[in-house]
Amino acid sequence: MGEKSETFTQDDINRAIEYLLPSGLFEKKARPFLKHPEDYYPKSKMAAFGRDGRPVHHLFYTGNPEFYQIIYELTQKYLNLNRLEDAMSLIKSRIKINKNESETKIDLTGSVWISLDDLCKKLNTKIDEFSVIY
């Protein structure tokens with residue numbers, strides 16, 4: 001078209017698309033267009049690769065390594081709490097101490113619960129509800 005690539009703007013691109021791909025479609029959403037992918041896809045974190053070209057994170061191939069890392073850590077903490085509960089019940093049964101239930105309960109006031117939207121913002125990724133439920 002005789003335009004310089006340095007001064008080519010989005011309006012020039014739109015005019016070129018209209019010229020090269022004429023459309024008889026009346027609905028504007030159905031007409032062809034070409035815009036930069038950053039306008040449609042959110043920016044995501046770049047994956048870290050080593051010198052040999054392999055991904056650094058061991059959960060890279062899950063598609064969402066940060067989310068699955070959190071799930072893995074959560075599972076490990078849950079299993080540790082189960083082991084602690086089993087050990088405490090074994091100690092109680094051997095010593096045969098009958099204390100109040102309120103004294104043996106664990107205080108969880110230091111824990112933080114976050115919503116799915118906050119988790120998505122924190123990880124800078126989109127997490128579907130199916131992944132969270134299952």
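**Close-up 1. The salt bridge between Arg54 and Asp52.** Arg54 is exposed, with a relative accessibility of 60%, where exposed stands for over 50% relative accessible area, buried for under 20% and partly exposed for the range in between, using a 1.4 Å probe and protein chains only. Its partner in the salt bridge is Asp52, and the closest N and O atoms of the pair lie 3.8 Å apart; a salt bridge is counted where a side-chain nitrogen of Lys or Arg is within 4 Å of a carboxyl oxygen of Asp or Glu. Asp52 is likewise classed as exposed, at a relative accessible area of 56%. The structure is a predicted model, in which local features need pLDDT of at least 70 and side-chain atom pairs count only at pLDDT 80 or more, while totals for chains, interfaces and linings use all residues. Residues are numbered from 1 along each chain as its sequence is written, and side-chain values use heavy atoms, with hydrogens and water left out.

**Close-up 2. The salt bridge between Arg15 and Asp12.** Two salt bridges are present in the structure, and in the one that joins Arg15 to Asp12 the closest N and O atoms are 2.1 Å apart. Because Arg15 and Asp12 are three residues apart in helix H1, about one helical turn separates them; helices here are DSSP runs of H or I with at least four residues, numbered from the N terminus. Arg15 is partly exposed at 47% relative accessibility, whereas Asp12 is buried at 10%.

**Close-up 3. Asn64 and Ala47 in the loop between H1 and H2.** Asn64 belongs to the loop that runs between helix H1 (10-20) and helix H2 (65-95), and its relative accessibility of 10% places it among buried residues. When residues up to four places away in sequence are not counted, Asn64 touches Thr125, Lys126 and Ile127, a contact being heavy atoms within 4.5 Å. Ala47 is also located in the loop between H1 and H2, but is partly exposed, with a relative accessible area of 39%. Between Ala47 and Phe60 the C-alpha to C-alpha distance is 8.0 Å, and the two are 13 residues apart in sequence.

**Close-up 4. The backbone at Asn124.** Although Asn124 is not a glycine, it has a positive phi of about 60°. Asn124 is placed in the loop between helix H4 (116-123) and helix H5 (129-133), and with a relative accessible area of 38% it is partly exposed.

Conventions:
Helix = DSSP H or I, 4+ residues; strand = E, 2+ residues; numbered from the N terminus.
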